[in-house]
Amino acid sequence: MASFSADDHRFMSRALALAARGLYTTDPNPRVGCVIVRNGEVVGEGFHRRAGEPHAEINALIAAGDCAHGATAYVTLEPCSHTGRTGPCAVALEAAQVARVVIAMEDPNPQVSGRGIRLLEAAGIAVDVGLLADDAQALNPGFIARMQSQRPFVRMKMAMSLDGRTAMGSGESQWITGPEARCQVQRLRARSSAILSGVESVIMDDSRLTIRAEQLALDNGDDVASRQPLRVIVDSHLRLPLAAACLREPGRTLVVTTPSHDADKREQLIDAGAEVQVLTADHQGRVELSALLNWLATNEQVNELLVETGATLAGAMISAGLIDEMQLFVAPTLLGGDARPLFALPGLALMADQQRLNIHDIRAVGQDWRITASPLATGASGDTKVP
């Protein structure tokens with residue numbers, strides 16, 4: 001285990017802060033920052049801005065120029081060793097003749113996964129790995145999940161009243177939460193590769209499922225909103241109306257359905273602007289959700305998937321153990337017993353059947369509260385286990 005100094009921590013913290021500046025723009029690439037230090041002074045720094053553009057190390061090396069010779073580079077993710085849309089960063093660091101590279105975490109990408117480290121060491125460069133690794137991992141949960149498990153990191157967002165209701169019995173739901181909470185939701189959309197919803201929810205709200213630049217409250221909001229996440233609608237029986245608002249929005253709308261003889265409706269949806277993907281049905285004739293997640297990771301390079309949907313699909317995702325994180329926005333209001341519930345979780349007849357949550361954070365957002373939680377796995381005895 002390498003021993004890291006206070007200066008090492010300070011410079012890696014700066015690299016992590018730089019990496020976070022790519023939170024909304026790097027998809028499907030990871031968020032990475034780099035700081036180059038010589039004789040205790042920062043001589044160059046950079047972060048990865050967008051897929052296809054130079055990586056963090058290249059931007060930092062350009063800023064450092066000849067001062068990179070004999071310097072230490074602090075990088076939040078192992079420098080790549082393969083050629084994709086850009087050249088290998090490990091080779092660029094070797095060519096710049098840096099003396100040492102400090103890496104927060106190894107790259108989970110099987111194309112890299114230690115090769116960048118070995119390339120640097122073979123060039124005589126000192127390499128230390130593991131500084132602030134947890135912070136680096138927290139920046140890229142989706143990229144890590146896709147590389148290691150061939151599935152996205154699945155984050156569910158729900159808005160509810162204090163009595164756990166999401167809409168009136170009629171379906172009316174706008175707005176339960178205030179503008180500050182809605183801003184946070186826009187940022188969750190902006191950092192996501194795709195937004196997943198069920199057809200019932202889309203029909204009820206005529207959802208657009210887009211990023212609204214005016215609600216982001218970011219200096220670069222227009223730039224962030226120029227990359228609209230993929231809209232994914234689970235529609236097992238092809239019920240989506242051809243006039244649905246989401247089909248007229250910028251970006252792509254993917255309708256996921258089961259094998260069906262309704263070829264005409266598929267063609268009509270395609271003509272209306274949708275893409276249609278047929279996937280395996282489960283024993284109830286609905287889209288098999290785990291297969292959908294694998295397909296999105298493998299075919300669409302989805303890192304972070306934001307689930308914004310109604311009680312039925314939300315409950316199915318939880319029951320299948322497919323949710324990694326919940327963002328629950330709670331408004332100080334009561335909607336009553338006839339209003340719609342947050343989750344449909346059939347089969348919970350006994351206290352032993354309850355679905356417990358691990359709460360990570362609770363904080364005020366304007367007049368509302370945001371609870372960040374994750375489901376706990378439940379054993380046959382009813383005991384809860386962290387997945």
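In the predicted model described here, strand β15 (residues 357–365) and strand β16 (residues 368–375) run antiparallel and are joined by eight bridges; two strands are taken to pair if DSSP finds at least two bridges between them. Helices (H or I, at least four residues) and strands (E, at least two) are DSSP runs, and they are numbered from the N terminus. The model is a prediction, in which local features need pLDDT of at least 70 and side-chain atom pairs count only at pLDDT 80 or more, whereas totals for chains, interfaces and linings use all residues. Residues are numbered from 1 along each chain as its sequence is written, and side-chain values use heavy atoms, with hydrogens and water left out.

Seven of the eight residues of β16 are buried, so that the strand is mostly covered, where buried means under 20% relative accessible area, exposed means over 50%, and partly exposed lies in between (1.4 Å probe, protein chains only). In a regular strand the side chains alternate between the two faces of the sheet.

The protein is divided into domain 1 (6–139) and domain 2 (148–375), with bounds that come from an automatic or database domain assignment. The C-alpha centres of domain 1 and domain 2 lie 34 Å apart, and the contact between them takes 10 residues from domain 1 and 12 residues from domain 2, contact meaning heavy atoms within 4.5 Å. The area buried between the two domains is about 1,000 Å², of which carbon and sulfur atoms give 44%; buried area is the accessible area (1.4 Å probe) that two parts lose on being put together, summed over both. Of the area that domain 1 buries against domain 2, Tyr24, Asp27 and Pro28 supply 59%, more than any other three residues. Three salt bridges are found across this interface, a salt bridge being a side-chain nitrogen of Lys or Arg within 4 Å of a carboxyl oxygen of Asp or Glu. In a salt bridge of the model, the side chains of Arg31 and Glu304 meet at 2.7 Å, N to O.

An unreviewed UniProt entry annotates His55, Cys80 and Cys89 as "binding site"; such annotations may be inferred rather than shown by experiment, their positions are given in the numbering used here, and feature names are shortened. These residues span 35 residues in sequence, yet no two of their C-alpha atoms are more than 9.2 Å apart, so they gather at one spot. His55 is found in the loop between β2 (41–47) and α2 (56–64), while Cys80 is found in the loop between β3 (72–75) and α3 (89–95). Cys80 counts as buried, at 8% relative accessibility, and, leaving aside neighbours within four places in sequence, its contacts include His55, Glu57 and Cys89.

The "binding site" annotation in the unreviewed UniProt entry also covers a group of residues that includes Ala159, Trp175, Asp205, Ser236 and Gly310. The residues of this group span 158 residues in sequence, and the farthest two C-alpha atoms are 28.3 Å apart, so they do not all gather at one spot. Trp175, in the loop between β7 (165–167) and α7 (179–191), is exposed, with a relative accessible area of 52%. Ser236, by contrast, lies in the loop between β9 (230–234) and β10 (253–257) and is buried, with a relative accessible area of 12%. Not counting residues up to four places away in sequence, Ser236 touches Val256, Thr257, Thr258, Gly285, Arg286 and Val287. Just after α13, Gly321 takes a positive phi of about 70 degrees.
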